[in-house]
Amino acid sequence: MSELERVEGWGLSTASLCHVARPTDADGVRKAFSEAAERGMTVGLRGAGRSYGDASQNDGGLLLDLCGWNSVQAWDPETGIARVDPGVTVAQLWERVVQDGWWPKVVSGTMTPTLGGAAAMNIHGKNAYKVGTIGDWIQGFDLISPSGDLHCSRDENSDVFHAAIGGFGELGVM
């Protein structure tokens, strides 16, 4: 775990001092949760830091920066379904799918948010009136929390699925 680092919000309107961990896989997230618990620290999540205000900060606590966990694990051009790590940005997904004639259904005003952060904030795009929010297009995810891992979908652990989408990362890492 790092010494305190200055972490700024999008637009540089807010800043805080946080201990920052940069896990690149599920085991790294679990280790960070464990270390935070041992030290009695709160944990906040950060993707690309594109949230307004201080939503992607955790003053004095542990901040998990998930930008380095950013692979597109699977892409099916027949169905348009992708499996991604939480640090994959909208731009990275777009770069992968556009060559097959696809475009992400929900694109915010910038292509730089991570998909984990987009799901945690349940972002919308300019076409929300027509396609809804990003949560409307998520089929499932694995949730890593301090109390353990859980697979969530509309049918499996659906209460947690719906609580985590738009839940600001309060339940864990999707």
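Predicted model: local features only at pLDDT ≥ 70, side-chain atom pairs only at ≥ 80, totals over all residues.
Which loop holds N157?

**Entry 1**

I found N157 in the loop between β8 (148-153) and α5. I then read the phi angle of N157, which is near 50 degrees, a positive value in a residue that is not glycine. I noted the background for this: most residues other than glycine have a negative phi. With a relative accessibility of 29%, N157 counts as partly exposed.

F168 sits in the segment after α5.

**Entry 2. Overall layout**

I looked up the secondary structure next. The protein chain has five helices and eight strands. Read from the N terminus, the order of elements is β-β-α-β-β-β-β-α-α-α-β-β-α. I checked the radius of gyration of the protein chain, which is 16 Å; this is close to the 16 Å from the globule rule for 174 residues, so the chain is as compact as a globular protein of that length. The C-alpha trace spans about 45 × 35 × 25 Å along its principal axes.

I also took down how the chain packs. Of the 174 residues in the protein chain, 43% are buried. I looked at contacts between residues at least 6 apart in sequence, and 48% of these join residues at least 24 apart.

For the surface, I have an accessible area of about 9,400 Å² for the protein chain, with 50% of it belonging to carbon and sulfur atoms. The protein chain carries 13 positive and 22 negative charges, and their mean positions are 6 Å apart.

**Entry 3. Aromatic pairs**

How many aromatic pairs does a search of the whole structure find? I got three. One of them is formed by W75 and W102, an edge-to-face pair with 5.9 Å centre to centre and 90 degrees between the planes. This pair links distant parts of the chain: W75 is in strand β5 (residues 72-76), W102 is in the loop between α2 (90-97) and α3 (115-121), and the two are 27 residues apart.

Is W75 buried or exposed? Its relative accessibility is 15%, so W75 counts as buried. W102 counts as partly exposed because its relative accessibility is 28%.

I then turned to F141 and F161. Their ring centres are 5.4 Å apart and their planes are at 15 degrees, so I recorded the pair as stacked. F141 lies in strand β7 (residues 140-145) and F161 in helix α5 (residues 158-164), so this pair ties together parts that are 20 residues apart in sequence. F141 has a relative accessible area of 6% and is buried. F161 also counts as buried, at 0% relative accessibility.

**Entry 4. P77, back to W102**

I came back to W102 from the side of P77. P77 is in the loop between β5 and β6 (81-84). Leaving out residues up to four places away in sequence, P77 touches D100 and W102. P77 and W102 are 25 residues apart in sequence, and their C-alpha atoms are 7.8 Å apart in space. I have P77 as partly exposed, at 35% relative accessibility.

**Entry 5. I134**

Which residues does I134 touch, not counting residues up to four places away in sequence? I listed V106, L115, A118, A119, N122 and I123. I134 itself is placed in the loop between α4 (128-131) and β7. Its relative accessibility is 11%, so I134 counts as buried. I also took the C-alpha distance from I134 to I165, which is 8.8 Å for a sequence separation of 31 residues.

**Entry 6. G40**

Last, I looked at G40, found in the loop between α1 (26-39) and β3 (43-46). Is G40 buried or exposed? At 67% relative accessibility G40 counts as exposed; the cut-off I used for exposed is over 50%.

Notes: Residues numbered from 1 in each chain as written. Heavy atoms only, no water. Phe/Tyr/Trp six-rings, centres within 6.5 Å; stacked < 30°, edge-to-face > 60°. Helix = DSSP H or I, 4+ residues; strand = E, 2+ residues; numbered from the N terminus. Buried < 20%, exposed > 50% of the residue type's maximum accessible area, 1.4 Å probe, protein only. Rg over C-alpha atoms; globule rule 2.2 N^0.38 Å. Contact = heavy atoms within 4.5 Å. Areas by Shrake-Rupley, 256 points an atom, 1.4 Å probe, with all protein chains shown as cover. Lys, Arg positive; Asp, Glu negative; His and termini not counted. Charge placed at Lys NZ, Arg CZ, Asp CG, Glu CD.
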